[in-house]
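Here are my comments on the model you sent. Please read them next to the coordinates.

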Amino acid sequence: QVQLVESGGGSVQAGGSLRLSCAASGYIATGYCMLWFRQAPGNEGEGVAALAPSGFTRYAESVQGRFTISQDNDKNTLYLQMNDLKHEDTAKYYCASKPLYSCYSVGWSVIPTRQSWGKGTQVTISS
């Protein structure tokens, strides 16, 4: 199982931008569907973006047009560029690895078991 470490979170005002990073201990370029998801206190987790090795991407409707998922294969690092941030984007953000096929399924945003997660990075948006 690949180990994942998220970073890049912080506190910004609404309308601002952040770029989250997810460093992987192993090679993730070809073997996984990589997912960013978020959890806010009292809310269910929400898958926000997924990336397949082919470059195929999926986005939640709530972030479509504002967030961009990408990957640097040389660095084994996954990114989430977040623009035009809103108060409702406040959450702890995690990256996770999933079976490759999941990026192409209707369940792409389903959060996998905890062993597939990193420890998360907190994003706080002030109005």
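The points below go from the overall fold to the cores.

1. Basis. This is a predicted model, with local features needing pLDDT of at least 70, side-chain atom pairs counting only at pLDDT 80 or more, and totals for chains, interfaces and linings using all residues. Residues are numbered from 1 along each chain as its sequence is written, and side-chain values use heavy atoms, leaving out hydrogens and water.

2. Fold. The protein chain has 10 strands and 0 helices (DSSP runs: E, at least two residues, for strands; H or I, at least four, for helices; numbered from the N terminus). Its radius of gyration is 13 Å, close to the 14 Å of the globule rule for 127 residues, so the chain is as compact as a globular protein of that length. That radius is taken over C-alpha atoms, and the rule is 2.2 Å times the number of residues to the power 0.38.

3. Burial. Of the 127 residues, 44% count as buried, meaning under 20% relative accessible area with a 1.4 Å probe, protein chains only.

4. Main core. The largest nonpolar core holds 28 residues; W36, I69, L78, L80, M82 and Y93 touch the most other members. Such a core is a set of buried Ala, Val, Leu, Ile, Met, Phe, Trp, Tyr and Cys residues joined through side-chain atoms within 4.5 Å. β3 gives the most to this core, with 4 residues.

5. Second core. A separate core of 10 residues includes C33, F37, Y94 and W108.

6. Y93. Leaving aside residues up to four places away in sequence, Y93 touches E6, L20, F37, R38, F67, L80, M82, G120, T121 and V123 (contact: heavy atoms within 4.5 Å).

Methods. Buried < 20%, exposed > 50% of the residue type's maximum accessible area, 1.4 Å probe, protein only.
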